Amino acid sequence: MNKILLCCAGGMSTSMLMQRMEKEAKEQGIAVEMQAVGFDEFADQIAAWDCCLLGPQIKYKLAEFQAIAAEQQKPVAVINTMDYGMMNGKKVLHDALALIQTRGE
């Protein structure tokens, strides 16, 4: 099962995106577990997940979060601003799964 952590300022907007991603995963028969959290929970949560996607509004945290996640070999990336704004669950799910895939290579 793929485990995707979504992180934004407070976890609210990523929660809406997560619902769209879960719907898409269900339609495609992809087993995923997801959680949306605020950025203050990142360090405590990342160990339990395969990757983390950051909301564009906290992209300034990317380098800091990548350093924390690198200790556990977990990839972190920023969600494309357009996909985030359009709540494109299909595209963001695809991006997350690709991020997890590159981790295993």
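**Group meeting: a walk through the model**

Okay, let's start with Asp83: setting aside residues up to four places away in sequence, Asp83 touches Asn88, Lys91, Val92 and Asp95. By touching, or contact, I mean heavy atoms within 4.5 Å.

Quick word on what we're looking at. This is a predicted model, where local features need pLDDT of at least 70 and side-chain atom pairs count only at pLDDT 80 or more, while totals for chains, interfaces and linings use all residues. Residues are numbered from 1 along each chain as its sequence is written, and side-chain values use heavy atoms, with hydrogens and water left out.

Back to Asp83, then. Asp83 sits in helix α4, residues 81-85. Is Asp83 buried or exposed? Asp83 counts as buried because its relative accessibility is 11%; the cut-offs are under 20% relative accessible area for buried, over 50% for exposed and partly exposed in between, with a 1.4 Å probe and protein chains only.

Lys61 is another one to look at. You'll find Lys61 in the loop between β3 (51-54) and α3 (62-70), and Lys61 is buried too, at a relative accessible area of 13%. Beyond its neighbours within four places in sequence, Lys61 is in contact with Phe39 and Leu54. Lys61 and Phe39 are 22 residues apart along the chain, and their C-alpha atoms are separated by 8.5 Å.

Now let's zoom out. The protein has 5 helices and 4 strands, running β-α-β-α-β-α-β-α-α from the N terminus on. Those are DSSP runs numbered from the N terminus: helices are H or I with at least four residues, strands are E with at least two.

So what's inside? The largest nonpolar core has 21 residues, and Ile4, Leu6, Met21 and Leu93 have the most contacts inside it. A nonpolar core here is a set of buried Ala, Val, Leu, Ile, Met, Phe, Trp, Tyr and Cys residues joined through side-chain atoms within 4.5 Å. At least two residues of this core come from each of β1 (2-8), α1 (12-28), β2 (32-38), β3 and α5 (89-103), with α5 giving the largest share, 6 residues. There's also a second, separate core of 12 residues, including Cys7 and Leu54.

Last bit: overall shape. The radius of gyration, taken over C-alpha atoms, is 12 Å. That agrees with a compact globule because one of 105 residues would come out near 13 Å, the rule being 2.2 Å times the number of residues to the power 0.38. And 44% of the 105 residues are buried.
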